[in-house]
Amino acid sequence: MISKTVFLCSICNVSSGSCNEDCKFCTQSIKHNADIERYTYKDSSQILKEAKAAREQGASGFCLVTSGKGINNTKLKFICEVATLIREEIPELNIIACNGTANLEQLKALKNAGVTSYNHNLETARDYYDTICTSHSWQERFETCLHVNEAGLNLVSGGIFGLGESDEQRVSFVQSLKKLNPKTVPLNFFIPNPALPLKAKPLSVDEALKLVRWVRKELPDVKLMVAGGREITFKNRQSEIFEAGANAIVIGDYLTTSGEKINKDKQMIESLGLKIAKNYKDT
């Protein structure tokens, strides 16, 4: 059944293009030499400015994303400082951190700083992961998600469709998600780039919508977010994702690719008779 409320989330690319991992689907890896903007850390005042703008546009979630495999002391300190700053200025905003693999102590530190959710995607099935990444294991990702739950943070975990995975591997991926009991599940759709070694065939709109319906059936209680690849995958049929079961989207730009105009997204939602959630806990 179609949800009457849509949650909006905005992404802040805190550090870009400095990842040493070899994920074949990701332009942030330095191994692929993709033509993207690269920098270490944005100024905290700029991040706060983006958070305020996102909230003014109706976002109930704001995700602080860093490139790289996981959290180190420098990254942890910076994200904690930024989260504290945002929490003081915009207390109602759901602050999401997405900083790679993390241990329990690091995640507790993020929570104490004001982070309310942690995003760490499984990406795909356990038995397909080493096809698309060899520099770290799927199990490390799964264990980080377990730590997120143990730390008392809201788990945000999903993955990418269209990487060349089989139907059976898609089932395995969703079954793994079920074991983690995530609060939000972002569904991304592979965005081809000439620099990437992965040359997967794009999904059709009908196939992508079928996947959204299926995941909603399998995970009926989650916030189901259509994230990266929404615009190029669903094209002029983006409004159909809500009837298929999605009740959350990313607004604005993604990490290294441009997104839809925010006003256009909001107009689409309103034209369907849907409401934009004011807060993360809205139903």
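Modeller: Let us begin with the naming: helices, of at least four residues, and strands, of at least two, are DSSP runs numbered from the N terminus. With those labels we can say where a residue sits: lysine 235, for instance, is in the loop between helix H8 (230-234) and helix H9 (240-244). Please keep in mind that this is a predicted model.

Colleague: How many helices and strands does the chain have?

Modeller: There are 10 helices and 10 strands. Of the 283 residues in the chain, 56% are buried. Among the contacts with a separation of 6 or more, 73% join residues 24 or more positions apart.

Colleague: You mentioned lysine 235. What is the phi of lysine 235?

Modeller: Lysine 235 has a phi near 50°, which is positive in a residue other than glycine. Glutamate 123 is another case, with a positive phi of about 75° although it is not a glycine. This glutamate 123 is in the loop between S4 and H4.

Colleague: Are these two buried or exposed, and how do I judge it?

Modeller: Look at relative accessible area: under 20% is buried, over 50% is exposed, and partly exposed is in between. Glutamate 123 has 9% relative accessibility, so it counts as buried. Lysine 235 has 49%, so it counts as partly exposed.

Colleague: Now a helix, please. Which residues of H5 are buried?

Modeller: First the general idea: an α-helix has 3.6 residues a turn, so residues three or four places apart point the same way. In H5 the buried residues are Trp138, Arg141, Phe142, Thr144, Cys145, Val148 and Ala151. They pack against helix H3 (104-112), strand S4 (117-119), helix H4 (126-132), strand S5 (154-156) and helix H6 (167-180).

Colleague: What span should H5 have?

Modeller: H5 runs over residues 138-151, and at 1.5 Å a residue its 14 residues should span 20 Å; the end C-alpha atoms are 20 Å apart, so the two agree. After H5 comes glycine 152, with a positive phi near 85°.

Colleague: At what angle do H1 and H2 pack?

Modeller: The angle between H1 and H2 is about 45°, and their axes are 10 Å apart. H1 and H2 are therefore oblique to each other, with a right-handed crossing. Ser44, Ile47, Leu48, Ala51 and Lys52 of H1 make the contact with Phe78, Val82, Leu85, Ile86 and Glu89 of H2.

Colleague: Which residues of H2 are buried?

Modeller: They are Lys75, Leu76, Phe78, Ile79, Cys80, Val82, Ala83 and Ile86. The elements covering them include strand S1 (5-15), helix H1 (44-56), strand S2 (61-66), strand S3 (94-98) and H3.

Colleague: Finally, which residues of the largest nonpolar core touch the most other members?

Modeller: Within that core of 78 residues, they are Leu64, Ile86, Leu110 and Phe189. Helix H2 (residues 73-89) gives the largest share of this core, seven residues. Another core, of 12 residues, lies apart from it and has Phe7, Val65, Cys98 and Val250 among its members.

Technical notes
Residues are numbered from 1 along each chain as its sequence is written. This is a predicted model: local features need pLDDT of at least 70, side-chain atom pairs count only at pLDDT 80 or more; totals for chains, interfaces and linings use all residues. Side-chain values use heavy atoms; hydrogens and water are left out. The expected span of a helix is 1.5 Å times one less than its number of residues. Buried means under 20% relative accessible area, exposed over 50%, partly exposed in between (1.4 Å probe, protein chains only). Contact means heavy atoms within 4.5 Å. A nonpolar core is a set of buried Ala, Val, Leu, Ile, Met, Phe, Trp, Tyr and Cys residues joined through side-chain atoms within 4.5 Å. Axes are lines fitted to C-alpha atoms, for helices over the stretch in contact, and angles run from 0 to 180 degrees between N-to-C directions. Angles under 35 degrees count as roughly parallel, over 145 as roughly antiparallel, 65 to 115 as roughly perpendicular and the rest as oblique. A crossing is left-handed if the near helix is turned anticlockwise from the far one by less than a right angle, and right-handed if clockwise.
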